[in-house]
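Good morning, everyone, and thank you for making the time.

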Amino acid sequence: MSRDRLIIVEEAPSTQDIAYEMALRGATEGVAVMALRQTSGRGRLGRLWSSPAGKNLALSLILRPSCDPGSAPLYGLMAAVATIETVQSYCPEAVVQVKWPNDVIVSDKKIAGILPQAHVSDRTIEFVIIGLGLNVNSTRDDFPEEIAGNVTSMAILSGRNFSLEEIAHSFLNQMNRLYDHSRKDGFQSALEIWNSKWAHRGHHVNRDGIQGTAVGINETGALLIMTRNHGLVNLSSGEVNIQDIETKH
Ligand code: BTN
């Protein structure tokens, strides 16, 4: 990926839609769209992504990897690693971790979510849009009451405010580095960092009748669960949601 090109818009329903449209019209990889206010942000699994106006990072990045569609979730994992490294560099005291597949958490509170969206044609990935929602300057009172206890922000962690544009470039630099590395040497090193930051190794997982212990991820980013009756089971992105990780062994 060449140097990032960041387009900043005042307000958008969703940066994901803008980036998707731009990619359909041929925008090159490395182009990213950031909105200062996002009015209809989308989260994973059809959820809404609510973000207090002007406080948090809402950004969508266009990638054009040459890989098969099964590998698309890996770019979400890579973005989680890039986000962890960004947050960690500004909040060195925080223990920043990942919750499978790509939620970024600090002390079990969500600080960032990632929405990878692949556009596939003729069984080839045309592009992947990486949507990043990162809580930067919001305070506890800025979040809706029903989620306030489960979320945090860089400002809450550090006691200071940050330039959204600076944080956006920092994320894009980290992403650039990991992406270029994966092109030359594969995903191994990004997956190793992901694994070292994973908060739930050894936790009990219960989803749609599949119960077992979360033991790792495979080479496509699927969650590996050791079950009592069926041995090792893979759950790919989208099949498990974050509430499924329940108890620690
Ligand atoms: C999640 O559910 O955790 C993923 C949230 C992703 C939100 C970001 S904000 C920028 C981009 N635009 C959207 O509408 N969603 C993503």
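This is a predicted model: local features need pLDDT of at least 70, side-chain atom pairs count only at pLDDT 80 or more; totals for chains, interfaces and linings use all residues.

Let me begin with Arg207, which lies in strand S10, residues 203-207; helices (H or I, at least four residues) and strands (E, at least two) are DSSP runs, numbered from the N terminus. Arg207 counts as partly exposed because its relative accessibility is 22%, where buried means under 20% relative accessible area, exposed over 50%, and partly exposed in between, with a 1.4 Å probe and protein chains only.

Residues are numbered from 1 along each chain as its sequence is written, and side-chain values use heavy atoms, with hydrogens and water left out.

How many salt bridges does the structure hold? There are eight, a salt bridge being a side-chain nitrogen of Lys or Arg within 4 Å of a carboxyl oxygen of Asp or Glu. One of them pairs Glu10 with Arg37, whose closest N and O atoms are 3.1 Å apart. This pair links distant parts of the chain, since Glu10 is in strand S1 (residues 5-12) and Arg37 in strand S2 (residues 31-38), 27 residues apart. Arg37 itself is partly exposed, with a relative accessible area of 31%.

Another salt bridge joins Arg42 and Asp17, with 2.6 Å between the closest N and O atoms. Here Arg42 belongs to strand S3 (residues 41-42), and Asp17 to helix H1 (residues 15-24).
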